[in-house]
Structure formats: C-alpha cells, structure tokens
Amino acid sequence: MASSLTCVGVVWALLSFLSAVASCVGFFMPYWLLGSQMDKPVSFGTFRRCSYPVLDEERRATVMLEQCGRYASFQGIPSLEWRICTVVTGVGCGLLLLVALTALMACCISDLISRAVGRAAGGIQFVGGLLIGSGCALYPLGWDSEEVRQTCSNISNQFELGSCEIGWAYYCTGGGAAAAMLLCTWMACFAGKKQKQYPY
C-alpha cells in the first residue's frame with residue numbers, strides 16, 4: 001500500500017481528522033451554554049436545545065420537558081447571531097471534514113497529495129478554522145435573547161453570562177478549530193511528497 005504522504009503528512013492526516021471530529025462533535029452537541037430554568041438543567045447549542053418549557057394541558061401549567069432536540073425551523077433559532085453562527089460554523093466543519101477525509105485517503109493512495117495540493121489543503125483548513133472561530137466569536141452576541149435570559153436568571157446580556165456557564169462543546173469546537181488553523185495548516189505545507197520529474 002503506497003502513500004503519497006511524508007512522515008509529517010501522516011501526522012497531519014491524523015491531526016486533521018482529530019481536529020475535524022472535535023469541531024464537528026462540538027458543533028452538533030447542544031452543550032455550548034449551560035444554565036437552569038424551573039430547577040431543571042437547560043443547555044443550548046447553536047441550533048439545538050436540551051430541556052424546554054411546554055404547556056401541560058391537564059394541569060394548565062408550564063412544565064419543563066427534559067429532552068434534547070433541534071429548533072422546529074431555522075427561524076426558530078433564538079437570535080440572528082446564532083443563525084449566522086450555525087451557518088458559518090457548519091460550513092467550517094464541512095471544510096475541515098473534507099480535508100481530513102482526503103488526508104486519510106492519501107495514507108493509502110499514492111500520488112493523491114503533492115506539495116502543492118498539501119499547501120492548498122492547508123489553506124482550506126485555515127479558512128475552515130477561521131469560519132468556526134468566527135462562529136464561536138459570534139455566539140455570545142445571542143446571549144441577550146429571551147430564551148437565554150430566562151435560563152440565565154434574566155441577567156444575561158451580550159458577552160455577559162449571568163448565572164449560566166460555557167459548556168464543554170463550545171471549547172471542543174473552538175479547540176478543534178484552533179488545532180486546524182495553527183497546527184494542521186503549518187503541517188500541510190510539508191505533507192505531500194515531491195513529485196517525480198519524468199523526462200519526455
């Protein structure tokens with residue numbers, strides 16, 4: 001089984017895969033922001049939420065439904081900033097995943113990654129990491145939405161958590177993006193083998 005990657009390239013492929021998985025898992029999980037409402041734990045992602053109030057018809061009271069799910073529609077996401085964050089972070093995760101899977105295939109296929117292709121892949125990873133980082137930076141702008149304020153003791157605001165705290169999924173997403181931007185981009189420049197020159 002021939003590889004088109006150098007030793008640095010194999011490490012790059014593995015690190016690219018790990019950073020893409022970290023970013024994608026963190027993006028999908030609804031544990032970016034943690035708080036409580038009606039003495040029940042509540043958590044938010046960019047497009048998902050765990051535990052939400054519903055009207056109980058029998059008791060004619062509001063109760064907390066303890067389950068996770070997506071918002072019913074894209075417009076149902078609590079703030080414009082979170083909608084933008086969802087799109088930007090999703091595109092960034094897609095780019096990181098595309099490069100990571102290509103890099104893993106290059107471990108088994110010869111002549112797939114040349115030096116020039118490696119540098120281009122590194123550029124794509126940098127853009128993907130930058131998009132995810134932008135999404136993480138936009139996320140706190142949505143903390144002033146009504147849903148978040150109800151969960152954070154009605155004292156949260158943009159860049160002010162109130163009684164809430166940042167969850168592990170936010171750090172996981174940002175950490176994967178940072179690894180892609182800082183390490184993978186640099187390693188990608190040395191990932192491909194020099195192509196052989198054939199005299200014609």
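In this report a residue is called buried when its relative accessible area is under 20%, exposed when it is over 50%, and partly exposed in between, with a 1.4 Å probe and protein chains only. By that scale Leu-104 is partly exposed, because its relative accessible area is 30%.

The structure is a predicted model, in which local features need pLDDT of at least 70 and side-chain atom pairs count only at pLDDT 80 or more, while totals for chains, interfaces and linings use all residues. Residues are numbered from 1 along each chain as its sequence is written, and side-chain values use heavy atoms, with hydrogens and water left out.

**Overall form**

The protein chain has five helices and five strands, where helices (H or I, at least four residues) and strands (E, at least two) are DSSP runs numbered from the N terminus. The radius of gyration, taken over C-alpha atoms with a globule rule of 2.2 Å times the number of residues to the power 0.38, is 21 Å for the protein chain, well over the 16 Å that the rule gives for 200 residues, so the chain is more spread out than a compact globule. Along its principal axes the C-alpha trace spans about 85 × 30 × 25 Å, and buried residues make up 40% of the 200 residues.

Five strands form an open sheet in the order 4-3-2-1-5, with antiparallel pairing; strands pair if DSSP finds at least two bridges between them. Its edge strands, each pairing on one side only, are strand 4 (61–70) and strand 5 (165–166). Strand 3 (residues 48–56) is joined to strand 4 in the antiparallel sense over eight bridges, and Arg-48 stands opposite Arg-70 in strand 4.

| Residue | Relative accessible area | Class |
|---|---|---|
| Cys-7 | 69% | exposed |
| Leu-80 | 52% | exposed |
| Leu-104 | 30% | partly exposed |

Although Leu-80 and Gly-142 are 62 residues apart in sequence, they are 7.5 Å apart in space, C-alpha to C-alpha.
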